[in-house]
Amino acid sequence: MKAIYLRLTFVLLLFVLFFVKPAFEDVTDPTILIVYIFIFFAATFIHLLSKIDNKNWFRLDVIFLLGYGIVHFQWPIMFSISGIYPEPLSKVSMSSFHVNYGTWLATAGLVSWFLGHSFVTLKTVPSVAEFSFSSKKLFWLTVILLGLFLSTAGADYLSGGIYKGSQGTGVGEGSSVYFQLLLSISILVLTAINILNKKREYNSNVVAWILNVDKKYLLLFIGYVLLFLSIGDRGAAIQVVFAFLILFGSLIRSITFIELIIMSILGALALTLVGLGRSAMDGQNILSSGLDNFEMSSGYDITLELANSIRTLYATLAAVPEYHDYFYGKLWLDKILSIIPFAQNIYLQLSEDVPYEINSAAYITYLKYGLNPPSGEGTSLVADIFINFSLFGVLFCLFLLGMFFKKVENELKIQRNYYWMIIAALLGSMAFYLGRGSLFEPFRYIVWGLGLSYFFVKRRRMSV
């Protein structure tokens, strides 16, 4: 499909959405939800059809759409099509008076993302010089960071007790949070460098290619994934695996649609077991506990935890702008300041603000629990933008985000600058969960990742 027709199609869909826009507050209407769900699937199909020549399915756009769709549409689909309502209500915090508008807003935001994605075209460039990379310094930095993290994370975190209600120290407190953050970014950059070094050595045998990757890196990669899964921290393991698969599919060998489906089902089941097992109090290991506690009453179960993040959008719509004006970017301060260690604390000390006034997840948690929350509510991408800049902010910011994703995808194809490969790995590690995060969630990862690659990776021009 020609770019101009693709753009016109998404513009037309936006006009249709504004024609069927619901009231801001209204009783949940399954019929109108089906209309928005149909437009969501139609827009997604049109987008994917426009890229039908791309045989690789483990792409940045596909992974982002999977996560975004689960977060913003699973509960509306369950309610409107299957008649399933969130149970228990206290866990999901779903206000029935904002479901119609929330679903419409998520649909309009995604169509705007598609429109922005279609505005960036792939330009041909002259062939560029090939480089090889030395990541020895980065590898040993990663090993040191792993040691520092293990020594500071605390027994409750490393034993999984932090997920079972223990009140001891855990990651997220003190220096351990920075060691884990640096460790996760470092291993992502290391993953990108190792794939780039071996991208010309693939000979149609995936296993042989993987075994040909640097053995020290492979051991570190496997150890890292198993460590965090054994703890119950699924996010850390998912990040590095997704970064690897996105670069592998783009640079080495296309991952087919069937392979994507199989990996998605198996991965979702495995992560569901980890999620169930990490909170069990039976004293068994995580996998055994997960198997014992696993029950599937419908096909929705394996992604239910991610889908529950929609509660943050409904909570936002119930509070803003009726009880509080839009924040006009103030709730992004936390993510923007985060690129400088301890900058948030310094800002809070110098200003009169409190933590929930500079972070959307903290503010949404405050709405539900007040000043002493027992846990965090999190946020979602649409809620994070809406609470700052209203409907028009959602449309504009997701349009820009779609353009950014397409720019990274294009750079993956032409491979003219290896820094874009680093950005692709870092963005890819967060693409699936970005739907339940902040717009600026990848900001610190990208800035720190580029810094690590600049100071700890050497490159050498290869002779042609």
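Just after helix H18 (residues 360-369), Gly370 takes a positive phi of about 85 degrees. The model is predicted, with local features requiring pLDDT of at least 70 and side-chain atom pairs pLDDT 80 or more, while totals for chains, interfaces and linings use all residues. Residues are numbered from 1 along each chain as its sequence is written, and side-chain values use heavy atoms, without hydrogens and water. Helices are DSSP runs (H or I, at least four residues) numbered from the N terminus.

At the start of H18, the backbone nitrogen of Ala361 lies within 2.9 Å of a side-chain oxygen of Asn359. Ser360, Ala361, Tyr363, Ile364 and Thr365 are the buried residues of H18 (under 20% relative accessible area, 1.4 Å probe, protein chains only; exposed is over 50%, partly exposed in between). These residues pack against helix H15 (311-319) and helix H19 (381-414).

The loop between H15 and helix H16 (333-337) contains Pro321, which is joined to Val320 by a cis peptide bond with omega of about 10 degrees. Tyr328 is found in the loop between H15 and H16, and its phi is positive, near 50 degrees. In the loop between H16 and helix H17 (343-350), Phe342 has a positive phi of about 70 degrees although it is not a glycine. Phe342 counts as partly exposed because its relative accessibility is 47%.

Elsewhere, Leu60, Ile63 and Phe64 in helix H3 meet Ala424, Leu427, Gly428 and Ala431 in helix H20 (contact means heavy atoms within 4.5 Å).

Technical notes:
Helices (H or I, at least four residues) and strands (E, at least two) are DSSP runs, numbered from the N terminus. A polar contact is a pair of N or O atoms within 3.5 Å; within protein, one must be able to donate a hydrogen and the other to accept it, and residues adjacent in sequence count only if both atoms are side-chain atoms.
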